[in-house]
Amino acid sequence: MVSKIIPERRHDDVPTDEVRVDEALRLLCGVPVELNAAVKRLSRGSGVYAWWAAPSVLPDLPGLPNENVPSLRLLYLGRATSLRGRILRNHLRRSGSSTLRRTLAGLLVSERYRTTWTDGVVLVSEDEARLTTWMHTHLRLTWAQDPEPATIETELVRRMHPPLNVHGVDPEHIQPAVVAAKNSYNASSRPADPPPTL
């Protein structure tokens, strides 16, 4: 019987934040995947992810071209404790828990997405489905697993300047149209006024 001895991991074997950022950057700038294929391949592990689209989608916004598919450009970058859960349960389903969905709904004025108030502003159920279909048609995804995505996300945002991100973005790279779209979306519905007391 042959036994395997797993060597102890030395402290110098642990990748530095810089190495982790470089590896995540390499994977995020890889070939973006259509969403139907991506949802089958996403792991439950933690990591970072990037959304890509053709320049004709939201043409007034800049975006880093993808190194492998220059016809696509970066729109948004995020992190997740579960890549699969974050993409499937939030970004492709519920505007209440997805900054990306709320921003897209605010920017896509011509689509006339309707909102309502629950515990915050959310799309009405028919428009949640419509936005998901729009995302499957127009957006692509890349991702990179990482055990501590919060420690590398800031540096990735700083290097990649995703136009739909606002938090962690250098002030000169914040897009006024994105801020306006977020504000417009957030103001589109409000809690019902309480009934008058007699």
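**Close-up 1. Q175 and its contacts.** Setting aside residues up to four places away in sequence, Q175 touches L61, P62 and P163, where contact means heavy atoms within 4.5 Å. Q175 sits in the loop between α6 (150–160) and α7; helices (H or I, at least four residues) and strands (E, at least two) are DSSP runs, numbered from the N terminus. Q175 counts as buried because its relative accessibility is 16%; buried means under 20% relative accessible area, exposed over 50%, and partly exposed in between (1.4 Å probe, protein chains only). Please keep in mind that this is a predicted model, in which local features need pLDDT of at least 70 and side-chain atom pairs count only at pLDDT 80 or more, while totals for chains, interfaces and linings use all residues. Residues are numbered from 1 along each chain as its sequence is written, and side-chain values use heavy atoms, with hydrogens and water left out.

**Close-up 2. The crossing of α4 and α7.** Here helix α4 (residues 99–107) meets helix α7 (residues 176–187), with axes that come within 8 Å and cross at roughly 95°. Axes are lines fitted to C-alpha atoms, for helices over the stretch in contact, and angles run from 0 to 180 degrees between N-to-C directions. From α4, look for T99, R102, T103, A105, G106 and L107, which meet A177, V178, A181, K182 and Y185 of α7. By class, six residues of this contact are nonpolar, three polar and two charged. Ala, Val, Leu, Ile, Met, Phe, Trp, Tyr, Cys and Pro count as nonpolar, Asp, Glu, Lys and Arg as charged, and the others, Gly among them, as polar.

**Close-up 3. The crossing of α4 and α5.** Helix α5 (residues 125–138) is the partner of α4 in this view, and their axes come within 11 Å and cross at roughly 95°. The two helices are therefore roughly perpendicular to each other. L100, R101 and L104 of α4 make the contact with E128, L131, T132, W134 and M135 of α5. Five of the residues in this contact are nonpolar, one is polar and two are charged.

**Close-up 4. N90 in α3.** N90 belongs to helix α3 (residues 83–91). With 14% relative accessibility, N90 counts as buried. Leaving aside neighbours within four places in sequence, N90 is in contact with G85, S97, S98 and R101. R101 is also one of the α4 residues in the contact with α5.

**Close-up 5. The lining of the largest pocket.** Lining residues of the largest pocket include Y76, L77, E153, T154, V157 and H167. Also in the lining are T99 and K182, which take part in the contact between α4 and α7. Helix α6 gives the most to the lining, with three residues. Five lining residues are nonpolar, five polar and two charged. For this view, a pocket is an open set of points on a 1 Å grid over the protein atoms alone, where a 1.4 Å probe fits, with protein on both sides within 12 Å along at least five of seven lines; lining residues have an atom within 4 Å of a point.

**Close-up 6. Positive phi at L58 and R112.** Most residues other than glycine have a negative phi. L58 has a positive phi near 55°, and R112 has one of about 50°. L58 lies in the loop between β2 (47–53) and β3, whereas R112 is in the loop between α4 and β4 (115–117). L58 counts as buried at 11% relative accessibility, while R112 is exposed, with a relative accessible area of 68%.

How values were computed:
Parallel < 35°, antiparallel > 145°, perpendicular 65-115°, else oblique.
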